[in-house]
Amino acid sequence: MGLLEGKHVLLGITGSIAAYKSAFIVRDLIKEGADVQVILTPSASDFVTPLTLGTLSKRPVLTQLVKDSELGVWNNHVDLGLWADVFLIAPASANTLAKMAGGEADNLLLTSYLSAKCPVFFAPAMDLDMHAHGANQANIERLVNRGNIHIPSESGELASGLFGAGRMAEPLHIIEFLEAYFTERAPLKNKKVLITAGPTQEPIDPVRYIGNRSTGKMGYEIARAAAALGADVTLISGPVALEPPKNVKTVLVNTAAEMYKETLSRFDKMDIGILSAAVSDYRPVKVADEKIKKSSDNLNIELEKTDDILKSLGAKKKKDQILIGFALETENALENAKKKREEKNCDMIVLNSLRDKGAGFGHDTNKVILILRNKNINLELKPKSEVAKDIFDCIIQEFL
Ligand SMILES: Cc1cc2nc3c(=O)[nH]c(=O)nc-3n(C[C@H](O)[C@H](O)[C@H](O)COP(=O)(O)O)c2cc1C
């Protein structure tokens with residue numbers, strides 16, 4: 001589902017023979033697009049090397065509370081606790097579970113656990129009898145009662161040669177467990193979102209077209225943000241030089257007419273439509289069959305209006321559908337954007353600025369004003385990925 005994409009995952013590894021499997025957890029989390037910071041307990045360093053885990057996670061592995069006692073440098077467990085969106089302790093030894101349950105804090109993993117503000121998952125790994133021991137079971141129960149999330153161990157052959165429960169859940173099952181947890185709680189779970197992005201190209205002859213400067217970056221970030229919030233996303237994209245986002249159905253089009261057809265035919269089944277594409281307002285009436293030769297001094301190309309996608313969707317929009325348009329105005333921006341919202345029956349217009357440095361076409365940053373029925377929200381200049389998240393924060397708060 002891709003709900004781990006962009007998430008900060010703190011992975012705590014303890015002194016269990018299952019620690020070697022954590023390398024696979026790191027690899028799979030990275031594959032899912034997560035940002036992984038590994039913490040080893042001092043004992044875990046006997047089982048796996050920081051070199052392996054640091055290479056896989058692309059971040060230095062942390063093992064000690066104090067980095068350099070002579071220089072007074074230490075690893076800040078409070079910052080780690082705040083940085084993390086998810087704290088996963090896998091494998092979780094009987095010793096660490098007991099210390100977590102008792103609130104002990106004598107290593108970096110435990111101090112970070114006590115500082116964590118995010119959901120904490122733990123995957124116990126130990127021998128059959130250790131696992132079944134009343135003290136260990138009571139610790140697991142205490143942790144669960146305190147809101148920590150137990151990823152149960154699995155049954156099978158154990159390192160000791162015994163057979164039964166206690167084996168750490170397989171790395172893939174741990175990833176699936178996390179995905180399922182976040183899917184269940186995703187704010188846009190079961191929501192279908194239709195997004196348009198990029199420019200359109202209106203052919204003049206077989207080699208020339210009328211286009212615009214849109215790169216599609218904003219729309220692609222909106223699609224990524226929607227997928228990360230658990231939505232079922234369809235992206236109708238004009239010609240751009242971007243990789244299709246993961247976990248998004250991408251439909252590639254060229255002309256305004258194609259974008260109109262692909263968007264209109266899907267809108268009925270959607271909960272939210274966000275039209276960020278820069279669609280050409282006009283197209284040549286006739287497309288020359290052959291390349292137009294440079295013969296006369298002047299060339300007149302007759303243009304006709306293209307269909308207005310936003311207006312057509314606004315006219316079809318049902319009560320429970322949310323429709324959002326984008327506007328780019330070079331004069332009377334606010335006034336024109338407000339008028340556009342009303343005329344096209346949109347719930348919100350995202351007004352792009354062309355005047356601010358770092359905003360608009362081609363940049364990785366943008367500065368927009370969200371225009372709602374009864375208020376405007378001015379956003380600072382920020383990365384387009386952050387603007388996309390702010391747009392969904394606003395949608396969730398105002399309409400869902
Ligand atoms: C070879 C070996 C394997 C071990 N495997 C486990 C294990 O799977 N689970 C466990 O709870 N303890 C296991 N232990 C014991 C822990 O390493 C020990 O309790 C240690 O203090 C745990 O420290 P930590 O929780 O701070 O990482 C093992 C010890 C050794 C020597």
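Hi everyone, let's begin with a UniProt annotation: the unreviewed entry marks Asp281, Lys291, Phe326, Lys340 and Lys344 as "binding site".

A word on the model itself. It is predicted, so local features need pLDDT of at least 70 and side-chain atom pairs count only at pLDDT 80 or more, while totals for chains, interfaces and linings use all residues. Residues are numbered from 1 along each chain as its sequence is written, and side-chain values use heavy atoms, leaving out hydrogens and water.

Back to the annotated residues. Where is Phe326 found? Phe326 is in strand S18, residues 322-328; strands are DSSP runs of E with at least two residues, helices are runs of H or I with at least four, and both are numbered from the N terminus. Phe326 has a relative accessible area of 9%, so it is buried (under 20%; exposed is over 50% and partly exposed in between, using a 1.4 Å probe and protein chains only). Leaving aside neighbours within four places in sequence, Phe326 is in contact (heavy atoms within 4.5 Å) with residues including Met218, Ile274, Asn352 and Lys340.

That brings us to Lys340, in helix H12, residues 333-343. Buried or exposed, what is Lys340? Lys340 counts as buried because its relative accessibility is 19%. Not counting residues up to four places away in sequence, Lys340 touches Leu310, Phe326, Ala327 and Ile349.

Please follow Asn352 with me for a moment. The side chain of Asn366 makes a polar contact with the side chain of Asn352, at 2.8 Å. A polar contact is a pair of N or O atoms within 3.5 Å; within protein, one must be able to donate a hydrogen and the other to accept it, and residues adjacent in sequence count only if both atoms are side-chain atoms. Asn366 lies in strand S20, residues 365-366, and at 1% relative accessibility it counts as buried.

Now to the ligand. How many residues surround the ligand? There are 14, the closest being Gly15, Thr41, Ser93, Ala94 and Thr96, where near means a heavy atom within 4 Å. A polar backbone atom of Gly15 is 2.6 Å from an oxygen atom of the ligand. For Thr41, a polar side-chain atom lies 2.7 Å from a ligand oxygen atom, and for Thr96, a side-chain N or O atom is 2.5 Å from a ligand oxygen atom. The protein covers 63% of the 640 Å² of accessible area that the ligand has on its own (Shrake-Rupley method, 1.4 Å probe). Helix H4, residues 94-102, gives the largest share of the shell, three residues.

Let's finish with Asn136, in helix H7, residues 134-145. Asn136 counts as buried at 4% relative accessibility, and its contacts beyond four places in sequence include Ala94 and Leu97.

Methods
UniProt positions are given in the numbering used here, feature names are shortened, and annotations may be inferred rather than shown by experiment.
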